[in-house]
Amino acid sequence: MTRSLSRRTLLRTGLSAAAVATAGVGLAGCTTAPRTAEQANDPVAKAAALPDYLPFQGSAKPDLPGTDQGVLDAYLHYPAEVKPATDGAPGDGQPITGLAQLNAALPPAVGQNPYWQELNRRLGSELKMQLVNAGNDFNSKIATMAAGNDFPDLMQVNNSIPSLARFLEAKMIDLTPHLAGDKIAAYPALANLPTKFWEAAVFNGKLLALPISRGIISSMVLYYRADLLEAAGLDAEIGSFEDLYQRAKSVTDPKQGRWGFGSNPLGFVRQMLGIPNGWQQADGGLTHQLEDERQTEALEAVRRLQAEGLLNPDLAGAPPSQQQQWFGAGRSVFYLGTYSAWPSLVQNFGVPAEAIDVLPMTGFDGGTPTTWMGPPNNNLTVIPKSAEPRIETILKIANYLASPFGSEENLFVSRGIRDRHYRLEGRDPIALPDHAGELGLGAGYLSAPPPVLFGPSVAGYAEKAHASQQKFVEYASSDLAQTYYTETGSRSGPTLATMIEGIESDIVYGRKPVSDWAGTVDRWRSGGGDKIREELQAAIDAAG
């Protein structure tokens, strides 16, 4: 099963209402009838469709173990003994096609890309990738493919597709007969994915996708530059919003081109206030974070930051890459991003490794905060019905790409070719920048192992990230809509999220008063929020 698209998931993928509407064109050929919430989330059918969890035998022991609460395993060095996880090339000699989002520059074509050539050799099949810009272009591409029923063998999808369950049932292979229960044992790397990630791939009692697991690594946190705080005679011992405000004010110097914030901190302030993560059970019913009375306080607080010039004046409309560049260049001291951004901020944007850390969460007035656990998966990978004759080969290739951390396969897939893409320092693979763009094929969006904390090119990363996550999970909450599928959430959620994002921006930048928030929440309820609540409650009741 999957979740209704959360607002921050929508913003991370950069989707607009127009893109979502375009993608919906592909549903015209879907004849599968929508299910009730009880049918869509039937717990017995769900359990029968899930693969068994079979931890990979011989996996490297972490230096800093993860926890059941979501903290990831951390490795201070690459495992001393690197073993193969698969037995021979998984391909059948015939090409395999793939589609993934492009979030950076296009990699060199296969003829000029030694990494791509070597990947094809190791797979035993030529991987033909289509990489399409994330957002409008990607959704339009899926719509075009759906209209012609012409899909690649492995395709990245996410919850921006309206009526996602119907789309997948109509167009994609039911993987239940191939992977449910102990059948997953034929693919040991895929079996190494914990159950909580597979749950988001079950729709209407059918396993219709492969998960690309994330969890806490996709949680939003507030990074800070310790070097810039120290230069101003400050530290990161923040116990309230007022402490955060004072530090941002002290370091802001427009003449030097520096501001406290290079990204909108609204999500962090909401967590400081204890506002819940998405949908939660409260007082015998369901409530959504948008309905929390503290929302106006959060909006007023961030509006104050903006009005006093503590946010970069070019922030409105600036893409994440621009915000990261500001943080790397020292033009901002605080940056709101996911845990997964940490190594990239150092390696790609120049943040000093010894100076970056995550600000510990604290209450707005010193009370108890709430942290928002990221969604279980970055995306899902689906296989079209037309690929049924080659399903075993495709799953073997997915299994290869999901080889666990510490294996020969994972070292190659994630790090590339030794002495071209990385050098060994002791047993640690240290990235070489000259040919880094060759690795950007998007294969990690088609299949991937569970994430771990390891960053040999970023001194102290694994230790600091592991310690930060231990604090994060003390206050963590998960959105119930990440566990249960609702048709209205899938169909209307993206449009509602776009509407909410617009009013938030208008309020923060002073174009509308904070008092407009109440009317916005009313429109959200009547536009689908109350219907999502009804369907979600029915699903929870059915699950017992």
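Helices (H or I, at least four residues) and strands (E, at least two) are DSSP runs, numbered from the N terminus. Contact, another word you'll meet below, means heavy atoms within 4.5 Å. What you're looking at is a predicted model, where local features need pLDDT of at least 70, side-chain atom pairs count only at pLDDT 80 or more, and totals for chains, interfaces and linings use all residues. Residues are numbered from 1 along each chain as its sequence is written, and side-chain values use heavy atoms, with hydrogens and water left out.

Let's start at helix 5, residues 114–123. Asn113 caps its N-terminal end, with a side-chain oxygen 3.1 Å from the backbone nitrogen of Tyr115. The buried residues of this helix (buried is under 20% relative accessible area, exposed over 50%, partly exposed in between, with a 1.4 Å probe and protein chains only) are Tyr115, Trp116, Glu118, Leu119, Asn120 and Leu123. Their cover includes strand 2 (127–133), helix 17 (391–401) and helix 18. Just after helix 5 comes Gly124, with a positive phi of about 80°.

You'll find His421 in the loop between helix 18 and strand 15. Is His421 buried or exposed? At 3% relative accessibility, His421 counts as buried. Its side chain makes a polar contact with the side chain of Glu438 at 2.7 Å (a polar contact is a pair of N or O atoms within 3.5 Å; within protein, one must be able to donate a hydrogen and the other to accept it, and residues adjacent in sequence count only if both atoms are side-chain atoms).

Asp419 is found in the loop between helix 18 (408–415) and strand 15 (422–425). Asp419 is exposed, with a relative accessible area of 59%, and its phi is near 70°, a positive value in a residue other than glycine. Strand 15 then pairs with strand 16 (residues 428–431) in the antiparallel sense over four bridges; two strands pair if DSSP finds at least two bridges between them. The two strands form a hairpin with two residues between them, and Gly426 in the turn has a positive phi of about 70°. Glu425 has Asp428 of strand 16 as its bridge partner.

Now hop over to the loop between helix 6 (136–148) and strand 3 (154–157), where Asn149 sits. Phi of Asn149 is near 50°, again a positive value in a residue other than glycine. Asp153 belongs to the loop between helix 6 and strand 3 too, and at 13% relative accessibility Asp153 counts as buried. Leaving aside neighbours within four places in sequence, Asp153 is in contact with residues including Pro95, Thr97, Val382, Arg390 and Ile394. By contrast, Ala143 is 10 residues from Asp153 in sequence and 16 Å away in space, C-alpha to C-alpha.

Helix 7 (residues 164–171) is mostly covered, with six of its eight residues buried. Those six are Leu164, Ala165, Phe167, Leu168, Glu169 and Lys171.
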